[in-house]
Number of protein chains: 2
Amino acid sequence: MRYSGLFPKTLKTAPSGAESLNHKLLVRAGYIDQLMAGSFTLLPLGFRVVEKIKEIIREELNKTGAQELLMPLLHPRDIWDQSGRWSKPEVRKIMYQFKDIHDKEFGLSFTHEEIVMDLLSKFIQSYKDLPVKVYHFSTKFRNEPRAKSGILRGREFMMKDLYSAHTTEEDMYLYYNQIKDIYPKIFKRIGLEVKVVEASGGVFTPSHSHEFQVLCRVGEDTIFYCDKCDFAQNKEIFQGQEGSKCPNCDGKILTAKSIEVGNIFPLGTDFSINQKVFYTDANGKQNPIWFASYGIGPTRVLGTLAEVFNDENGLIFPKSVAPFDVHLISLSKTEEAKKIEEELEKNGFEVLYDDREVTAGEKFATADLIGIPVRLVVSEKTGGKIEFKQRNKKESQLLTLEEVLEKLK
Amino acid sequence: MRYSGLFPKTLKTAPSGAESLNHKLLVRAGYIDQLMAGSFTLLPLGFRVVEKIKEIIREELNKTGAQELLMPLLHPRDIWDQSGRWSKPEVRKIMYQFKDIHDKEFGLSFTHEEIVMDLLSKFIQSYKDLPVKVYHFSTKFRNEPRAKSGILRGREFMMKDLYSAHTTEEDMYLYYNQIKDIYPKIFKRIGLEVKVVEASGGVFTPSHSHEFQVLCRVGEDTIFYCDKCDFAQNKEIFQGQEGSKCPNCDGKILTAKSIEVGNIFPLGTDFSINQKVFYTDANGKQNPIWFASYGIGPTRVLGTLAEVFNDENGLIFPKSVAPFDVHLISLSKTEEAKKIEEELEKNGFEVLYDDREVTAGEKFATADLIGIPVRLVVSEKTGGKIEFKQRNKKESQLLTLEEVLEKLK
């Protein structure tokens, strides 16, 4: 892609009112635009990153036999009355609920447990129809009156929510633990190290849940974790303090701020019982369905990447989810640059080629701000070679095109 | 994919209350499920079809230099007040508008002109920043009190909406006409023949717009078209009657019911002027932006395919957007079937393999209902060969695996 054709260009200054770093950097670099507090457009660069995040999640979930679908966002009240959640004060606070001009009551989805149960009620008769594992990427809405964390916490955001339905508690936990193991792999592929943290079940379940937390000083969560083993708990449930002895080993408890990028809930049979969805077992007996749900917020992951990977000049995207593989700059070497662009694309690499007639300084600043992992420069100085520089390294190298292709692999 | 693992299985009977054929067939075959009137889950089969429809649209639009992004669905009232559309009676009737618990007013998107203008206001300064061509696939909401046409007309549906912004009327029409020519190609790739029909601009523009209509007796639209040339108008604006002489040639006017699968609007400068978004031309003068928008409804296209391509046994999907390339059935030849499945997948074909232990009749009925274009059967009768049958043909052939691979190409 040619930078001259990309919408929009980078901005010289952060928008007024932007308080968080991810908001400032992602807006300046042209990844997102704020429509209102807590609501953002994914601009073409941001859209590309989120698509790559989604593709990694999709690949890993499909391997577990999960199937992708797409459920509606506008929910009739009656289905949320079945579970009893519609009227809960903590739900009324965050769920957009309204009457239309015909006095029909609707809510905007902040989660989809009730809708999945409704689906199961129509298609699950016997134990032979279980387990079911379905997920979608869809918009979620939460009424957040003070949304000041950029794309980390919004009124409207993207969520991957997976739901699994099982005949027994044992089978549910088998899959729950499989997902608990796969999530850190997903985040690692995206470029993020996570802590798996025990937490409360919130408006979802009285059982404990697990959160996937990225350590980050601007995080809204506080976690306590062991410096030796994998013990980790959210401050909501941790009983102790920094420096305590770990309950599981002789390690010491540390504390940190963190960003929750995923969460999983062993919901049990409450939804099934409340919504009266049962399956028939091999003996002809009716039983409730064991149910669990599993979330990852791709747009929040984008915000987390911006918070974690940056320097004074801009963003530094991990290779796996960067909007392009290569940022190509030509300083009065247009023909050479076009050949390199063509050769790279022929080899399957995505190139953002800055073809503008602006100063070298402006091109370098744009490249640093956008944060594509590899920058290539051709100029009088590079002779017949190409300057290869990684965004997260200081030094650069002069390489032939063949060497560049080899390095990019 | 193994049919035993697919969620959900086909249903023996159509759901009660389903009035339209697309609703009955798509629900029975497991493509969609109704959450409430006019609101459907895309089940895994339906999701696959819609993803393929989206990919065809994406490929064709990207060729024109259009860029994909994703805009929010929940819109603050003030932005819709800028264009004056919030308070229009015809908008209030179809747009979900509500106050949240903090008395803030929001609307749910049924279109995104205002939001694109807001984006342009932040990023477009001079003529050098134009044209801009951006699109997204996103959820749209319309308050349809009597939504009885299945997935053809819903309260919630998927829309591809493209927006283009230009310096001059001429440049706008250049792109408008380019899209007018590309749309029929897109639909042809999907398997649908469309008529390009002149129509009114509705709540979008006082100018005429163009609709892309598929002839279908259950369509909600009525069009008049020439039997010789490409003259075609929606009944809203056509002045004449069936049998009249065509105003453009010596052909005769015919009339038909049709389904609108796409529409394009040359919006002009109204949005730009109302929302005060201007660009500076080469002489330093401020000018309004010429604006146009272009829609295709991928979920409505799914419904149209179901209405147009079916027989008494079920659906008949075009090859390009079928959920799978091949429906494989084994009658007590499991090992052979697995080998064929593996070989087909190795060659890049998507296979739905019915591995259930049910009768041959049940497997054949399922295959016919789902409507994948090619059915392969291995059984005692087929010997070392494979029975190859196209869903839209009566006769079948016995082929070797190599011949099957050749035929599928």
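Q: Which residues does Tyr127(A) touch, not counting residues up to four places away in sequence?
A: This is a predicted model, in which local features need pLDDT of at least 70, side-chain atom pairs count only at pLDDT 80 or more, and totals for chains, interfaces and linings use all residues. Residues are numbered from 1 along each chain as its sequence is written. Two residues are in contact if their C-beta atoms, placed from the backbone, lie within 7 Å. By that rule, the residues touched by Tyr127(A) are Thr167(A), Tyr279(A), Thr280(A), Asp281(A) and Ala282(A).

Q: Is Tyr127(A) buried, partly exposed or exposed?
A: A residue is buried if 20 or more other C-beta atoms, placed from the backbone, lie within 10 Å of its own, exposed if 12 or fewer, and partly exposed in between. Tyr127(A) has 18 other C-beta atoms within 10 Å, so Tyr127(A) is partly exposed.

Q: How many residues does the contact take from chain B and from chain A?
A: The contact rule is the one given above for C-beta atoms within 7 Å. The contact takes 40 residues from chain B and 41 residues from chain A.

Q: What kind of axis relates the two copies?
A: Copies are superposed by least squares on the C-alpha atoms of residues with pLDDT of at least 70 in both. Chain B can be laid on chain A with an RMSD of 0.0 Å by a turn of 180° and a shift of 0.0 Å along the axis. The copies are therefore related as by a two-fold rotation axis.

Definitions and conventions:
Chains are lettered from A and ligands numbered from 1 in the order in which they are written.
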